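Open the model in your viewer and keep the sequence alongside.

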Amino acid sequence: NIFFLKRSFQIPTSNFRCFLLTSPTMESPTERGGKLSSRKKRSGSRDGLDSQDLQRHPASSICRLFYRLKVFIFGILIGLFVIRPFLASEAVSILPAELEAHPKHQYDPKHNSRHGNLILSKKDYLQRSANATDKKRQKKLKDEDSQEPLDSAVDDGDDEETVVNALLKPELSRTNEELKVEKPKKEKRKDEGTGLLSNTTVLSNVSASTSPRDIVDFERQPGVVIATKIHGPPHMSQLIQSMCLLKVAYNIRPKYDVLVYVTEPISTLDESILRDVVRPANLQMVLDRKTLRDHLDDMSTEQMASLMKRCNVTSSDQFFWWTRCCEDGMNGSCMPLAYNWQSEFRSLHSWKSEELKPYKYMLWFDSDAFPTKMWDVDPVAFAIRNDLKILFDNFPQGSSAGTDLRDKIIQAYNDTLCYLKLEDGHLAARGGSCLKPRVPNIHGFFHITDLDFYRNKENLNWSRIMIGDNKFSRRWDDQLAVTIPAAMRAAKKSWDMNA
């Protein structure tokens, strides 16, 4: 207590800082000497202590010792701060190997003693660095003379495709050996005889029409389409941005067809803008054949009753595309009918669409997905080369659970699913006697799928059973729709992109 120390020891203000270093139990001058000196009494000092009293006090020697130690340490720090730049300006320390291997290293006085292996004067260091830089510059000029300049490959009159190809020339000129995909750290797919394949590995169970030796990254493969879906005009700007970024990051090289499903009509102007963005790839816009009223009129009595309960309406005339409907016991499930319809479309109707029949592989890319860099690996070629049923990213994205889910899986596949996770980069599934399974979902924003697998009779039947009477449902959506067939019938052919 500062107030206690000052009053009990009658310490002058000028000396109070020194006495704070002492113990609060020390003896006061009055208790030690009995009376103050007669000289101090005669002088009438208001502090009550003279200099002799302070010198006789046991705290005085400790105070002087701490003060001298503080001055000594402070002096050393000031000296190092002032003298060090002058010492560093005459020499620099670097590793001998770094001098030639890294001529870009510049002289920095702050690092004069970091390594201590070699001490060079500043003049010598700069001279040797300049020599190494000259050698590197000469080698670079020699290499540039042997290559065609980029400016000569791009003229003002060239079209968009020629310009982009010129910019991508270093990437397009890579050999098959350079385009190999690194193997996962753990590889236990030997039971199927299909480990991770390079560009030149032959896979025996791929159809004869497409030999793996012919599959090269970023070369156009037959029967591939890029697909997505939006609701209508308000989402066109987002779609244009997404397709533009996807084109530059990937599709400018293979030039796969682009298929866009829309629920409400798009203006001719918007369609022409999008067509210019995806060019030179072909664009096909497909308008839904049914309006919301058509869907409502085709619903069964059970489906209509379930929908009206979830949407909290009493008449079908109260439904609009932006009417929000909720799921019982499911957090965050109150979504507009427009969103729920897209989930249902991707769960069942997209597999059956006439526009997808000519294709074998589909790269699905949500309109709110945006590439941020050039793709170094071709995911489509990778999936075809390894005969995958689905190649996905960002697993898991949520999960689905319930006894009704178990019943639907048993009805569709006559089996159960109690366990699903990633093992060595692919799905690992196991059944059991679970009554309420929880199934992690494949994220639906971006995946490559084998269309023949998902539109076979058994898997289409699963999609119908999953939807059931729950039309326009957020719970039974496209993520669960693609996850269950992969887990039940092709777990080891369903790979994660980041494995």
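Select Cys326: at 29% relative accessibility it counts as partly exposed, a class lying between buried (under 20% relative accessible area) and exposed (over 50%), with a 1.4 Å probe and protein chains only. Its disulfide partner is Cys334, S to S 1.9 Å; a disulfide here is a pair of cysteine sulfur atoms within 2.5 Å. Cys334 is also partly exposed, at 35%. The torsion about their S-S bond is about 115 degrees, so this disulfide is right-handed.

This is a predicted model, in which local features need pLDDT of at least 70, side-chain atom pairs count only at pLDDT 80 or more, and totals for chains, interfaces and linings use all residues. Residues are numbered from 1 along each chain as its sequence is written, and side-chain values use heavy atoms, leaving out hydrogens and water.

The whole structure holds 3 disulfides. Next, select Cys311 and Cys325, joined with S to S 1.6 Å. Cys311 lies in helix α15 (residues 301-311) and Cys325 in strand β6 (residues 324-325), 14 residues apart. Helices (H or I, at least four residues) and strands (E, at least two) are DSSP runs, numbered from the N terminus. Both cysteines are buried.

Move to Cys418 and Cys434, with sulfur atoms 1.9 Å apart. At -90 degrees about the S-S bond, this link is left-handed. Cys418 is partly exposed at 25%, whereas Cys434 is buried at 18%.

Finally, select helix α13 (residues 268-278), whose buried residues are Leu274, Val277 and Val278. Thr268 and Leu269 are exposed on the face turned away from that buried side.
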